[in-house]
Each structure stands twice: as C-alpha cells, then as structure tokens.
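Hi,

Here is the structure I said I would pass on.

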Amino acid sequence: MTMEKEKRKTSKGGRPRAAIKRDVALTVMCNIIEKKLIQAAAKKLKTTVSVYLRELGLNGTVKIKIKTLPKEVLQLTGTLNHTAANLNQIAKKRNGNEELNALDRALLNKEVRSLQGLVEEVKTYLK
C-alpha cells in the first residue's frame, strides 16, 4: 500500500484533534446559589461552565468571542435553503426527462426573481 492510501485511511475527517487534550477533571465546591450564578454567567457568554471557569481561573477575566450571526444572515440562509430545495425538485424533473408544466415554469421564474432579489439585498448590505 502506498503512503498516500495509508494517510487516507487514517484521516476520518471531522473536527481535528486538540493539540493538548483536556481530560483531567477539577472539582469546585460551591452551594446551589453559587452554582446557579456561575451557570448563568457562562450562559450569558454563550459558553460552557468548564470554559468559563478555566478562562476565569487562568486569566482572571473571561474573554470569549461570542459566535453569533446577525438575524439577517440567518434569514438569508433559510431563504437560500428553501430556494435550493425548490430548484432541486425542478432539476429532478428535468433529469428524469419530464417536461415542465406551466406551474413548474412559473415557480422556476419566481425562484429566479427571488434569487436576484437576494443578490441585490446582499450587495446593499455589504455597501
């Protein structure tokens, strides 16, 4: 077997392994009120309690970048997924040698106009 084939077999894809694995537990004793306050603080920063306490203990402060997308981006993603599903159905019909009827052609034209509108929205948003 060549070296290239061996590499492909061992690489399973997915998330890369961490350089230093965190597999040692550290127990912190607190009362129920303190526990709830710590959990709420971590939730507010959209992170886990483990990451929150580790950052606080090592750095004295918690500097975590909140990974959220703007509402407009999420709406755009949903619209694009819907459009992709509709176009996929039309492509399936065409690939199966079915002719598009008037309704299918109208839907296709509507999707094209919708995509053109989305392109304009994106251009406007990026200006």
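**What lines the pockets**

In the second largest pocket, the lining splits into six charged residues, four nonpolar and no polar ones. Bear in mind that this is a predicted model. The residues around that second largest pocket are Arg-15, Pro-16, Arg-17, Ala-18, Ile-20, Lys-21, Arg-22, Val-51, Arg-54 and Glu-55, and the space in it comes to about 280 Å³.

Now for the largest pocket, which has a volume of about 420 Å³. Its lining is made up of 16 residues, and Leu-26, Val-28, Ser-50, Leu-53 and Arg-54 are the closest to its centre. By class, that lining has nine nonpolar residues, four polar and three charged.

Which helix gives the most to the lining of the largest pocket? That would be α3, with six residues. Both α2 (32-44) and α3 (49-59) supply at least two residues each to this lining. Arg-54 turns up in both places: it is among the residues closest to the centre of the largest pocket, and it also lines the second largest pocket.

A word on confidence before you dig in. The mean pLDDT of the protein is 80, with 87% of its residues at 70 or more. Helix α2, one of the contributors to the lining of the largest pocket, has the highest confidence, at 94. Confidence is lowest in helix α1 (residues 3-10), where the mean is 55.

Cheers

How values were computed: Residues are numbered from 1 along each chain as its sequence is written. This is a predicted model: local features need pLDDT of at least 70, side-chain atom pairs count only at pLDDT 80 or more; totals for chains, interfaces and linings use all residues. Side-chain values use heavy atoms; hydrogens and water are left out. On a 1 Å grid over the protein atoms alone, a cavity is a set of points where a 1.4 Å probe fits but cannot get out, and a pocket is an open set with protein on both sides within 12 Å along at least five of seven lines; lining residues have an atom within 4 Å of a point. Grid points are joined across faces, edges and corners, and a volume is the space filled by probe spheres set on the points. Helices (H or I, at least four residues) and strands (E, at least two) are DSSP runs, numbered from the N terminus. Ala, Val, Leu, Ile, Met, Phe, Trp, Tyr, Cys and Pro count as nonpolar, Asp, Glu, Lys and Arg as charged, and the others, Gly among them, as polar. pLDDT is the predictor's confidence in each residue, from 0 to 100.
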